[in-house]
Amino acid sequence: MHYFDYAAATPLCKEAAAVYLSVSQRQFGNTTSLHDEGGAAQHVLAQSRQQLAALIGVRAEGLYFTSGGTESNSLALLSLAQAGRRKGQHIILSAAEHPSLHSAAAYLQERGYRISLVPFTSEGLIDLQALTNAITEETSVVSVQHCNPEIGTIQPVRAISELVRPKGIYLHSDCVQSFGKLPLTDISVYVDSLSLSSHKVYGPKGVGAVYINPRIRAVPLFPGATQEKGFRGGTVNVPGIAAFVAAAELAQTGVQPFTELRELFLELLSARKDLFTFYGSPRAAEQLPHIVGMCVKHSEGQLIMLELNRRGFAVSTGSACQVGQQQSSMTMGAMDIPPHLAKGLVRISFGSSSTGESVKKLAEALLEVAESMHKIPSDIL
């Protein structure tokens, strides 16, 4: 199987696996235990926190380890909403935020908050004018994902910060897709909170982190917890955290030739431009090279995915957290793509096993599938 779904999940790298095994066997104590074994585990946890904080350019005391990006996003939005409650109960999200943020926003809406969604431009970037127009005196939190997981666009976090910070509005950014691909030190100074996930950077699943600026009081969802300074409950997954940080450090130094692979892939498909629609920004500074969001005309993305899978290629129909849901892609909706066209979204994402040869084979298979779909009358699809 040729794997092209790295935006959904990555394999555990051998270095992270070795760290996980070592810590599981040697520093296996509970971090809340007062004996030496507990102290050894606590030392690994503290060291991991310092290392990860240095990687993203934040203060370690504001960094909390979680079970993944979903929990990190939820905790961040709920905590910022509580911290900004006195300013107002109006929260703004980009229309294409991760489902975890829309879910947290719905929870807040049931408790009296007003939620506004800001659309994307046709290039998959947040509409800054629409964001400006949405802000009111009651706005307390804005959440904009750093990089879109379906088409790979990079949002202008600094420009957004310069727009909201003078108004006393907190800014959260979901950095799950950008971490390990872009230097987060470039944007961490402009946000009040950000979220990370381990399994996007060749670390173990079930581990993540959330940063909340220490000047903001992090409000726990369930009071009474003792782990992570009372911010969340549950025995701390020290082996997973140590492996996550090991993988993250490697991700910062290992640069894959994704730009070349992207250019090769698009060039191979250019012979039949009439069969495809590509989404994203044409400017390199606004586009992650390893994610290609596209539609095969006159077809549904799920059918294309299944046909490619039958030929030995693993791709996605969009965000992994939306697969199986009977709804259009949030990204396509944010870009005002009609639902009947949005259902055609296919996501290709490159990673450690991607080579020029495998990309060539993928392009050939995709051309074959697209051409066969093009011959089928549209009323049958």
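The questions below set values against definitions.

Reply: A word on the source comes before the questions. This is a predicted model, in which local features need pLDDT of at least 70, side-chain atom pairs count only at pLDDT 80 or more, and totals for chains, interfaces and linings use all residues. Residues are numbered from 1 along each chain as its sequence is written, and side-chain values use heavy atoms, with hydrogens and water left out.

Me: What makes up the chain in helices and strands?
Reply: There are 12 helices and 12 strands. Both are DSSP runs, numbered from the N terminus: helices are H or I with at least four residues, strands are E with at least two.

Me: Why is the chain called as compact as a globular protein of that length?
Reply: The globule rule is 2.2 Å times the number of residues to the power 0.38, and the radius of gyration is taken over C-alpha atoms. For 381 residues the rule gives 21 Å; the chain's radius of gyration is 21 Å, so the description holds.

Me: Why is strand 7 called largely enclosed?
Reply: Buried means under 20% relative accessible area, exposed over 50%, partly exposed in between (1.4 Å probe, protein chains only). In strand 7 (residues 193-197), 5 of the 5 residues are buried, so the rest of the structure largely encloses the strand. Across the chain, 55% of the 381 residues count as buried.

Me: Which way do the residues of strand 7 point?
Reply: Ser193, Ser195 and Ser197 point one way, Leu194 and Leu196 the other, and all are buried. Side chains alternate between the two faces of the sheet in a regular strand.

Me: How do you know that strand 7 and strand 8 pair?
Reply: Pairing requires at least two bridges found by DSSP between two strands. Strand 7 and strand 8 (residues 208-212) have 5 bridges, in the antiparallel sense. Leucine 194 stands opposite tyrosine 211 there. Strand 6 (residues 170-174) pairs with strand 7 too, in the parallel sense over 3 bridges.

Me: What makes strand 9 and strand 12 edge strands?
Reply: An open sheet of 3 strands runs in the order 9-10-12, with antiparallel pairing. Strand 9 (276-279) and strand 12 (345-349) each pair on one side only, and that puts them at the edges.

Me: What packs on that sheet?
Reply: Helix 8 (residues 258-269) does, touching strand 9, strand 10 and strand 12. Contact means heavy atoms within 4.5 Å.

How values were computed
Axes are lines fitted to C-alpha atoms, for helices over the stretch in contact, and angles run from 0 to 180 degrees between N-to-C directions.
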